[in-house]
Each structure stands twice: as C-alpha cells, then as structure tokens.
Amino acid sequence: MAASRGVTMFRLPPLPTIGEVIKLFKLRAVKQLSQNFLLDLRLTDKIARSAGNLKDAYVCEVGPGPGGITRAILNAGVTELLLVEKDPRFIPGLQMLSDAAPGKVRVVHGDILTYKLGQAFPNHLIKNWEDDPPDLHIIGNLPFSVSTPLIIKWLENVSKRDGPFRYGRTQLTLTFQKEVGEVDVTVVHFTPLVQPKIEQPFKLVEKVVQSVFQFRRKYCHHGIRILFPEATRLEKAEQMLMLADVDPTLRPAQLSMFHFKNLCDVYRKMCDEDPSLFAYNYREELREKRRKKQNFKRTSDDDWI
Ligand code: SAM
C-alpha cells in the first residue's frame, strides 16, 4: 500500500512482467481457443478505466489468461477480484498474482458459461433494481467463440434479474473482437436499464431478433417469414410487418429499437391468438422435410431393387 495526498492506493509489489510470466509458464496462445494476450499496459489500463471507478469495488474478471488486465484492475484499488479462467495452464501464474495481493484475489479454474456468478459475491452488495448499480463489475477480454453465447445468457439473466444481476444492475465491461464489436478490438460498457425497451419475455424477443438476422444481408421480410409455418407464411409475415409499421425492404441492420419493439409486440399478440405459434420452429420443419425426402428416396430405391 502507498499513500498519496491522503488517498490510500493499492500497488502490487514488483512482479515479473506479463511477457516474462508467459515465458516462465510457457503460455503459448492457442489459436483454436481464440486466445490472444494483451501486453500493452496502456491498453490494459484503458480497459480497467472503461469500467469506471473500481476503488473498493467487487470485480469478476472473465478469462484473465496471463493476467494483463488483472493487474490493471488490482492497481485500481478493488476490494475483491474473482478470476474465472477455463484453461488450467494459466492458474499457477494467476495464483502468483493472488499471493502478491493477499486476501484480494480468488482464482477459480472454471467455465464462465456454467459458473454460478449469482452466488459468488456477498449479499451486502445487493441493491434494488431501480437504485444505482451495485459496486460489482464484470470485466473481460473475451474470446469471440465465448462472447456471443455469454452475452445472450447474461441478457436473459438481466431480464430475469438473476445470475450476476441478482445484485442489481451489475455493470459489464467487455472487450469484443472482430465482427461482434465491428472493429479489431472494441471495449463495450453495459449498464442494464431500469426499464427494458421491449417489455416482452426474453425468449420471445430472442426468437424475433434471431429470425430477423437469419438472413442478415437480405430484406427483413425474409427473416420475419420463418416465424410462421409454411402454409400461412407469406400472409402472416405481411400482416406482422404491416401491423408493426415496418418497411419489409429494410435490411436487418437498418431496423431500429422501435421497429424491434413493434415487431415483438405484434408477434406476441399473434402468439396469444394462436397458442401453437410460439412453439413453431422453422429449422425443425426443414429437418422434418429433409427426413421425409430421404425416407421417400430410400423407399423408391427399395422398390426398384
Ligand atoms: N484476458 C487475457 C488478456 O487480455 O490478455 C486473455 C484473453 S484471451 C482472448 C481469452 C481468455 O479467456 C483465455 O485465457 C481463455 O483461456 C479464457 N476463456 C475462454 N473461454 C472461457 C470460458 N468459457 N470461461 C472462462 N475463461 C475462458
């Protein structure tokens, strides 16, 4: 600990650099696991700063790897840092960091997709949803293969106010890689809204959004069609777009939040009128068709023999 102008700052004791840790523990980045390591201290500090004021905060870092961002988070003066890392090769290096910051770091060898973050922090952090966010942050430089399922899981947690959002509107600071964040590396900071923009069940919103983006380069009516069984597809899709006041020739990326809200609200009404509609699954219908076609082909071949 070092004191500066009356403010107590936490400073890690001298440690090998991240580059040296990588050499010491022979931590080769595995391309198949989309691993790449941030060694630039300006970048790791910038990511930690993007999370906001971390002084005395509780933080979970997802996929710390050799620990570049981890050090920046610790230097920001957090109360507790939970590290969830899937690859066992990184655990000894992270344990070394934990020893350098006694009582502050918990190292968990686990998978963030299944790890129960909702039980990982003390109950005194819990805030009402409408209050300011709790002093709890999730930070991570995610491999892109994990970022998509993880963010979908967390969005569902937000809607149910469970998992890491059991504590309130927990803030996320995530580094997305190419495509998901559009440029090479993008730091995105999320704070859940008090009031959702679309007041419909998560699974319904997910189904509508997924269907619209199924054909991301085509007009949005292509995606809307697959929400409906073949027999009524064209007619129902047209009806849905008209009631939602959405131009069928917009591309998925051109639709606004307002468009999606209208589409979800109209689809909800249609599902309420026809309770079998929500269970309809376009992919299953396709699979069933293919199965029938194959069976038919097999039967015809047998007849020939
Ligand atoms: N945070 C480090 C950095 O910025 O240098 C490493 C970033 S690397 C892109 C992603 C890290 O996430 C790797 O350490 C990888 O082992 C870890 N990881 C991948 N999938 C994970 C999962 N499901 N749960 C926890 N960690 C995971």
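Q: In this predicted model, what makes H5 and H6 count as touching, and which residues meet?
A: Contact means heavy atoms within 4.5 Å. Ile152, Leu155, Glu156 and Ser159 of H5 meet Phe202, Lys203 and Glu206 of H6. By class, three residues of this contact are nonpolar, one is polar and three are charged.

Q: How are helix H5 and helix H6 placed at their packing, in angle and in distance between axes?
A: H5 covers residues 144–160 and H6 covers residues 202–212. The angle between them is about 140°, and their axes lie 10 Å apart.

Q: Why is strand E3 called largely enclosed by the rest of the structure?
A: Buried means under 20% relative accessible area. Five of the five residues of E3 (residues 58–62) are buried, so the strand is largely enclosed by the rest of the structure. Tyr58, Cys60 and Val62 point one way, while Val59 and Glu61 point the other way, and all are buried.

Q: What makes a set of residues a nonpolar core, and how many residues has the largest nonpolar core?
A: Its members are buried nonpolar residues joined through side-chain atoms within 4.5 Å. The largest nonpolar core has 27 residues, and Leu54, Val59, Ile73, Leu74 and Ile139 have the most contacts inside it. H1, H2, H3, E4 and H4 each supply at least two residues. The largest share, four residues, comes from H3.

Q: Which residues does isoleucine 73 touch, not counting those up to four places away in sequence?
A: Isoleucine 73 touches Ala48, Leu54, Val59, Glu61, Val78, Leu81 and Ile139.

Q: How do you know that the length of helix H9 agrees with its number of residues?
A: The expected span is 1.5 Å times one less than the number of residues. For the 17 residues of H9 (residues 257–273) this gives 24 Å, and the end C-alpha atoms are 24 Å apart, so the two agree.

Q: Which residues of H9 are buried, and what covers them?
A: His259, Phe260, Asn262, Leu263, Cys264, Val266, Tyr267, Met270 and Cys271 are buried. Their cover includes H6, helix H7 (220–225) and helix H8 (233–243).

Technical notes. Residues numbered from 1 in each chain as written. Predicted model: local features only at pLDDT ≥ 70, side-chain atom pairs only at ≥ 80, totals over all residues. Heavy atoms only, no water. Axes fitted to C-alpha atoms, helices over the stretch in contact; angles between N-to-C directions. Nonpolar A, V, L, I, M, F, W, Y, C, P; charged D, E, K, R; others polar. Buried < 20%, exposed > 50% of the residue type's maximum accessible area, 1.4 Å probe, protein only.
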